[in-house]
Amino acid sequence: MSVDPVTRLLGSRPGKVIAVHLSYTSRAAQRGRISSHPSYFLKTSSSVTGPGTVERPEATELLGFEGEIALVLGKAARRVSPGDAWSHVGWVTAGNDLGLHDLRYADKGSNVRSKGGDGYTPLGPELIPAERLDPARIGVRTWLDGVLVQDDSSAGMLFPFALMLADLSRLMTLEPGDVVLTGTPAGASVAEPGQRIEVEVFALDEHTVTSGRLTTEVVAGPALANWGNPPEVDDAQRAEAWGTPPAAPVLTDELRERLGRVAVATLSVQLRRRGYDDVSIDGVAPLVPGTRLAGTARTLRYVPYRKDLFAGHGGGFNAQKRAVDSVGPGDVLVMEARGDATAGTVGDILALRAKVRGAAGIITDGAVRDAGPLAGLGLPVYCAGRHPAVLGRRHVPWETDTTISCGGATIQPGDVIVADDDGALVIPPGLVEEVLTAAEAQEQEETFIAEMVGRGESVAGLYPLDPDWRQRFETWRAQR
């Protein structure tokens, strides 16, 4: 990490780094809520750095960035009034309030780990003397890979800087060198390894008065150790991190219930009529005949066993365990095992964990272990076979929630999965309602046809319906 400008100037790191939660009108509009008073959290002083790099740990997903105006205290402030507070600010600079959203659930609001990591508070590159700035006329801009993504100013804030400082000084002494990150405007989002974030703070009326661009490159870092809370995100967290509103669930309770009443074979016909003849998950069968499932796909991929890869990925809280430990209500955990059924890919304990978390079922194109106890769990499981060996005989648990191949079908997280005794299908989310409605209509026709055949009618003209039989079907349907 490089030295930040506060440490360079004062000879020691800031004693306190205080960050403000929601402070811009644009951000409040994006979040759909407005606070009456500012609220705060603390960041670690060891998170402070200058321009440089920040690591996103392997197997994490959401490293969020937030361009901010950073205030640096020039003299101590204790029980100061809003009218006097700005005079205690020595300098202003650009700040980037980085955070690993994968650990926010574990921090329970403290942000200790999610925002306290080394390098998670870049500052700089230059300090602007506060006397050169009008606190109501300070701009902040952020670029991601050269594209402007945040552009706002202190004129768009919900709370003046002076109010924040006076509020804090009611209870604590703000000391010289302390940093207050004053919140972020709309446009904050997520950066991935290989991307570059730049933040600049400047005087709106004199752009030559500037902090310069604070540049941070995101690089891949090693995975977090296996102890402590594992990384975990859900769709709501993803939407908040990316700055988009939560998407409505594709599979509503009403659709799930309707899917549970329609045969998978009928859905297969309707998908084929729309050109989707390659969406069956071939080679899998229910562990317990007569069970069926409908849910939203979560994915897990195994790669072929290799000694060195298994040593690095097979132990501890590996991808298999992370996948099982993160499924939610209504999810179907779909596993890619390359059709290799000569080792287990899931056993009774992990399946029980998935059931406890509300999973709708598990599908693997590999084998299952502990088949007897697993069958007794009451969790729908579809597999390519049964085998006593542990997964390390053939597989390395590799990654989760990525596009996989299972039984010859391509599965993406969020796809809709259905299965019954005839087998399993993946339905693209955008087709679910259309295919389901058509399948319901088809089954109604087939109910009529079966009833007529049962009465002794010939299938000629009846199956499929010719114009005469269709008219009789419409009459039959109207009377039901």
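Select strand 3 and strand 9 (residues 121–129): two bridges join them, and the strands run parallel. Strands here are DSSP runs (E, at least two residues), and helices are DSSP runs too (H or I, at least four residues), both numbered from the N terminus. Two strands pair if DSSP finds at least two bridges between them. Now click Thr49. Its bridge partner in strand 9 is Pro122.

A word on the model before moving on. This is a predicted model, in which local features need pLDDT of at least 70 and side-chain atom pairs count only at pLDDT 80 or more, while totals for chains, interfaces and linings use all residues. Residues are numbered from 1 along each chain as its sequence is written, and side-chain values use heavy atoms, with hydrogens and water left out.

Seven strands form it, in the order 2-1-12-6-7-9-3. The sheet is open, with mixed pairing. Look at its edges: strand 2 (40–43) and strand 3 (48–49) each pair on one side only.

Contact means heavy atoms within 4.5 Å.

Strand 5 (residues 63–65) is joined to strand 13 by three bridges. Click Phe65 to find one end of a bridge; its partner in strand 13 is Ser189.

**Two domains**

Colour domain 1 (5–242) and domain 2 (253–433) separately. These bounds come from an automatic or database domain assignment. The domain centres, taken over C-alpha atoms, are 41 Å apart. Six residues from domain 1 and nine residues from domain 2 make the contact.

**A helix pair**

Finish with helix 8 (residues 264–273) and helix 13 (residues 432–454). Their axes come within 9 Å and cross at roughly 120 degrees. Axes are lines fitted to C-alpha atoms, for helices over the stretch in contact, and angles run from 0 to 180 degrees between N-to-C directions. Show the contact residues, including Leu267 and Leu271 of helix 8 and Val435 and Leu436 of helix 13.
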